[in-house]
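Keep the model open beside you as you go.

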Amino acid sequence: LTLDVMFHETNHYLTHLINTKFHYPPWVNESLAEYYGASQWDPKKKAMNVGNIQEGRLVVLMDAMSGDEWQGLEEMIRLDDFNALHYAWGWSFVHFLMENKKYSSGFQKFYMALGTDKNVTRVPFQGDMLKCEANEVIKVLKGYLGVKDLKSLEKERHDYVKGLKIESHRGYEEAAQWAENWGLRIKAGRYYKTAIEKGTQNPLTFDDYGEWLRRDGKPEEAIGMHEKALELDPMNAYFWLHLGHAC
């Protein structure tokens, strides 16, 4: 998670350097940062591997799709603020564009053009900053991607997401933390349980699920989770504290 955050925030810094007076729209700024947040550095090859799956975001999307909660592309582009579900949909769109040979080059040129192309219309924003209105962003995006409307692109993105797969327990752990942070108790419990069923050996996950079970009125099951956490990390004082609470 620390590495994900470092790569994510570094992308924001590099984006800022494209034009320090330009405010990039959150849908593209946060989403591209999430795309690079999943990067992995290979110390032997001294190479960065990009385009990996943000499994936590994908779990959230799978849950949304199962509930028929689809994010409209134009609606997302017009958002001024991004919440966790928007991050997931935004990441999926950028991942789709970056991994698609038909769109990748155009999307990267679009990203640079927002802040540098003299033909792009920008308006004042918060003091001496500039930004693009949503209509301008949509026009420029369609131009660089070579599409006539966003609906067909939206369908391509949705079809692409349907084909993505969860590769490990990690996505469910990340999704459980997201659900906890947003007060979605039932989802959090389901995600913790799935991560454990998929073979996680992360002591924090066992401890967090133990705390969830205790709050859910299941102290005996909670004790088992805390004992497993301590088996994996016996020197963690918080795990002993939480075991005491469950007892």
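## Exercise 1: α3 against α5

Task: find which residues of α3 meet which residues of α5.

Step 1. R57, L58, V60, L61, A64 and M65 in α3 meet A84, L85, Y87, A88, W89, W91 and S92 in α5; contact here means heavy atoms within 4.5 Å. Helices are DSSP runs (H or I, at least four residues), numbered from the N terminus.

Step 2. Sort these contact residues: eleven are nonpolar, one is polar and one is charged. Ala, Val, Leu, Ile, Met, Phe, Trp, Tyr, Cys and Pro count as nonpolar, Asp, Glu, Lys and Arg as charged, and the others, Gly among them, as polar.

Step 3. Turn to the axes, which are lines fitted to C-alpha atoms over the stretch in contact, with angles from 0 to 180 degrees between N-to-C directions. Those of α3 (residues 55-66) and α5 come within 9 Å and cross at roughly 100°. The two helices are therefore roughly perpendicular, a label for angles of 65 to 115 degrees.

A note on the source: this is a predicted model, in which local features need pLDDT of at least 70 and side-chain atom pairs count only at pLDDT 80 or more, while totals for chains, interfaces and linings use all residues. Residues are numbered from 1 along each chain as its sequence is written, and side-chain values use heavy atoms, leaving out hydrogens and water.

## Exercise 2: two other partners of α5

Task: describe how α2 and α6 pack on α5.

Step 1. The axes of α2 (residues 26-37) and α5 (residues 84-98) come within 8 Å, crossing at roughly 70°. That makes α2 roughly perpendicular to α5. Among the residues in this contact are W27 and Y35 of α2 and W91 and F93 of α5.

Step 2. For α5 and α6 (residues 104-116), the angle is about 120° and the axes are 7 Å apart. This pair is therefore oblique. V94, L97 and M98 of α5 touch S104, F107 and Q108 of α6, a set with four nonpolar, two polar and no charged residues.

## Exercise 3: a salt bridge

Task: what is the partner of D159 in its salt bridge, and where do both lie?

Step 1. The partner is K155, with the closest N and O atoms 2.9 Å apart; a salt bridge needs a Lys or Arg side-chain nitrogen within 4 Å of an Asp or Glu carboxyl oxygen.

Step 2. Both residues lie in α8 (residues 150-162), four residues apart, about one turn of the helix.

Key: Angles under 35 degrees count as roughly parallel, over 145 as roughly antiparallel, 65 to 115 as roughly perpendicular and the rest as oblique.
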